[in-house]
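Subject: Structure handover

Hello,

Please look it over; my notes follow below.

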Amino acid sequence: MVTAEHVSERRLSIPNNPITGVLLAIPAYFAGLWLGTLFGLNDDANTGIILGYTFATVAFLIGVGFLNYPLERLFGWRVSPISDPEENRGIGRFFRLSLDHKVIGMQYLVTILIMLLFGGIGAMLIRSSLLSPDSSITPPGQYIMLIGLHSVMMIFITSAVIVGPFGNYLVPLMIGARRMAFPRLEALSFWLVPPAAVILAAAAFWGGFPTGWTGYPPLSEQAGQGMDSYIVGFALIGLALIVSGINMLATIITLRAPGMTWTRLPIFVWGIFTTSILGMLAAPVLAVALVQLAMDRTVQTSFFLSANGGSNYLWQNLFWFFGHPEVYIFILPAFGIIMEIVPHFARKPLWGYRTGVVGLFGVALLSWFVWQHHLFVSGIAPVLRPFYMLSTELISIPTGIIFLVTLGTLWRARVWFTVPMLFCMGFLFNFLIGGISGVYLSDVPTDVTLHGSYFSMAHFHYTIMGGEIFALMAACYYWLPKMTGKMLSATIGRVHFWWMFIAFNSTFFPLFIAGILNMPRRVSSYDPALQGLNTWVTISAYFLFGSMILFAGNVIYSLFFSARPALANPWHARSLEWQLPTPVPAYNFERVPMIVGGPYDYGVPNARPVADLGGLVGVTGGG
Amino acid sequence: MAVRTRGRDVSPGVEALLDARVVSVGVWLFLAADLFFFAGWWFAFFYLRALNNNQAWMIQGLVRPNRGFGTVVLILAVLTALAYFAASRTPGRGSVFRLLAPVSLVLGIAAVLYQGYGMWHLGFGLTDGAYPSVFSGLTGSWLVQLAGAVAWLATVVLQAGARGDTLARPHSATSFGWILLFLAAVGIINYFLLYFVA
């Protein structure tokens with residue numbers, strides 16, 4: 001039997017870090033490739049590639065240090081020192097397995113921003129291709145590869161861009177906890193992302209995949225080896241969503257500080273809570289679809305082959321049962337950010353807090369009943385159309401409630417127009433357009449006409465980029481001072497906002513017109529009469545990309561050159577995370593905090609301070 | 001790898017209780033996610049069976065998998081779960097736990113090996129229609145999860161010594177019993193679907 005003494009006696013000196021992970025992953029990939037080729041059927045090496053990616057990912061995780069705990073339990077081996085927040089100081093902690101939620105949050109943020117850069121470069125290449133209406137810049141085969149890589153990379157990013165960095169960093173601070181419920185799972189959810197991104201990028205070496213992010217068979221069954229990257233990469237992101245969801249939910253349910261009742265929970269935490277439910281329950285269904293696709297491509301099963309008893313509609317149902325809740329996985333945390341930030345700068349209580357929570361749950365609940373609207377044009381039984389049209393239109397009601405809560409908070413407020421607040425305003429404007437265009441698309445006749453056009457493409461970019469990414473920017477300007485200890489330049493931030501806001505609308509609004517004029521998406525050629533419009537959009541897109549470069553420049557300048565230290569509470573906010581010192585101590589709270597007030601009681605007469613922290617730092621009162 | 005749960009002002013007893021609640025909630029959340037995973041497979045089963053595209057749900061002359069074989073695997077899996085569940089609820093975690101948990105482990109290993117052997121000797125080709133696809137996918141997914149659970153069960157058994165983690169954190173070991181029970185329940189549903197309903 002393994003005892004505590006045995007554990008401390010046996011220690012192997014294998015350094016656990018990403019370099020070890022990569023060094024293990026390379027031979028593991030070739031071992032998988034060899035094994036797959038040995039046992040694989042006549043499947044164009046798909047078995048080998050999928051096994052190779054899987055082995056490489058497992059080996060990478062082992063190299064990073066994820067096998068240590070099971071080994072310790074089984075044999076008493078301790079492979080590397082304990083990763084403990086108090087033992088892990090210095091810049092090196094960001095480059096290895098850490099169980100500190102703050103380190104993981106920062107690891108997520110940097111990784112996702114790097115991925116965003118690559119996704120953005122993909123978008124620029126797509127737009128550059130469309131400068132010519134006749135596929136002369138990029139041949140159709142390469143164009144569809146660009147579309148696939150850009151779309152899946154962006155889906156990976158937007159699945160995690162808020163929950164990953166800000167959920168992990170802030171949720172424990174906001175609920176008064178010292179850690180996440182399952183720190184190893186939390187770390188795993190992050191360390192699955194880099195292999196997923198690399199595997200997806202590897203698709204380019206195999207000629208990409210022609211299906212876009214939806215992966216519809218039979219095209220995905222016939223596609224080349226790049227499709228295997230799609231399968232494994234997406235599966236890893238799905239796994240990350242599941243473990244992240246379980247961890248977030250368990251943390252919020254079990255680790256709230258005394259006095260942090262459900263009705264005192266910050267609205268951002270509610271956004272993470274509802275998102276986590278969706279991620280935890282929807283991603284397993286995606287996993288099933290991906291396993292089936294992998295089996296069809298490797299061991300020659302026939303889940304999606306009609307001739308052999310399968311059906312490509314099976315994929316469409318399973319994929320969109322995940323895919324539509326996935327859309328709300330993007331936007332619910334963004335709603336949480338907007339409703340969180342607005343009261344602080346409106347200096348008013350969040351109007352209709354409970355209604356806002358109901359709105360979040362309403363969106364989350366209804367998102368399970370709308371997936372078949374994605375099948376309107378692919379042959380859904382006509383008798384089902386009215387139900388899914390109605391359920392899709394219904395979802396605008398809880399979304400409207402969330403808007404109402406935000407606007408009610410702004411009503412007659414003396415708004416402090418900081419940079420985060422500007423991005424909140426930009427979110428409201430953009431998402432309103434994205435949301436309303438979505439109501440049009442939920443209508444069957446409109447959807448049948450516009451589904452394959454740029455109208456649909458403009459709609460989802462308005463919701464995802466105009467919504468989620470603007471909320472991400474608001475979150476960065478609002479919370480990075482707490483996370484990094486440095487204030488971002490407000491002057492550059494204001495230029496960034498206006499530049500991004502104008503460039504975004506200049507890029508995507510004309511695409512509604514292009515869609516109405518029947519410009520098809522995913523096709524590299526179009527009617528020459530639309531060339532002027534497309535040139536305008538492409539130039540606007542370059543400006544939009546430039547605004548993101550400006551943001552990156554602002555971060556680098558503010559962190560490393562101007563280095564203006566952030567106060568503990570630069571926004572004079574009431575919520576709990578701002579009552580902690582900057583930088584946040586290793587275990588967040590020296591004593592378990594006692595929550596005695598709500599986070600949004602601005603201007604409330606005799607409002608109690610938000611918490612008793614045992615004199616850690618000053619606590620903001622009601623004023 | 002120790003992870004400190006709470007601060008210095010929290011007693012070990014309170015920390016243990018909190019730990020138990022965290023693990024318990026986590027296990028139930030995991031089971032909810034896993035239920036959706038298997039629900040996806042069950043949907044595929046009913047969907048393809050109802051469509052019967054090209055009359056190829058179960059092609060003529062298909063040799064069905066051996067029902068007796070499936071029965072043995074199911075009995076082993078159920079006994080694994082029941083033995084562990086009973087062991088983990090024994091007051092005091094004494095000799096009964098140390099007796100039943102290894103028995104559960106042996107039964108679990110037998111179930112995994114037996115099912116694994118069965119997967120290599122299906123009696124039909126995977127290209128022989130939709131039923132073989134669903135059978136291999138659903139059974140394979142269940143087998144992979146059962147194998148993972150049995151591997152974890154091995155760590156629980158190895159940690160059941162006087163100073164092992166299993167006794168130090170008894171609630172975690174108890175919560176793990178629900179995972180085995182869940183897999184056994186899924187095994188029962190799969191058994192009826194694949195051997196009778198199909």
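Within chain B, 78% of the contacts between residues at least 6 apart in sequence join residues at least 24 apart. Please keep in mind that this is a predicted model.

On the make-up of chain B: the chain has six helices and zero strands, so that from the N terminus on its elements read α-α-α-α-α-α. Of its 198 residues, 42% are buried.

On confidence: chain B has a mean pLDDT of 87, with 88% of its residues at 70 or more. Residues 1-8 of chain B have pLDDT below 50, yet this stretch makes 22 contacts in the model beyond near neighbours in sequence. Where pLDDT is low, the predicted coordinates should not be read in detail. For the complex, the predictor gives an ipTM of 0.93 and a pTM of 0.93.

On the contact between the chains: 50 residues of chain A and 46 residues of chain B take part. On the side of chain A that touches chain B, the elements giving two or more residues are helix 4 (68-75), helix 11 (226-254), helix 12 (267-298) and helix 13 (312-346) of chain A. Helix 12 of chain A gives the largest share of that side, with nine residues. Sorted by class, the side of chain A that touches chain B holds 32 nonpolar, 13 polar and five charged residues.

Regards

Notes:
Residues are numbered from 1 along each chain as its sequence is written. Chains are lettered from A and ligands numbered from 1 in the order in which they are written. This is a predicted model: local features need pLDDT of at least 70, side-chain atom pairs count only at pLDDT 80 or more; totals for chains, interfaces and linings use all residues. pLDDT is the predictor's confidence in each residue, from 0 to 100. Two residues are in contact if their C-beta atoms, placed from the backbone, lie within 7 Å. Helices (H or I, at least four residues) and strands (E, at least two) are DSSP runs, numbered from the N terminus. A residue is buried if 20 or more other C-beta atoms lie within 10 Å of its own, exposed if 12 or fewer, and partly exposed in between; C-beta atoms are placed from the backbone. Ala, Val, Leu, Ile, Met, Phe, Trp, Tyr, Cys and Pro count as nonpolar, Asp, Glu, Lys and Arg as charged, and the others, Gly among them, as polar.
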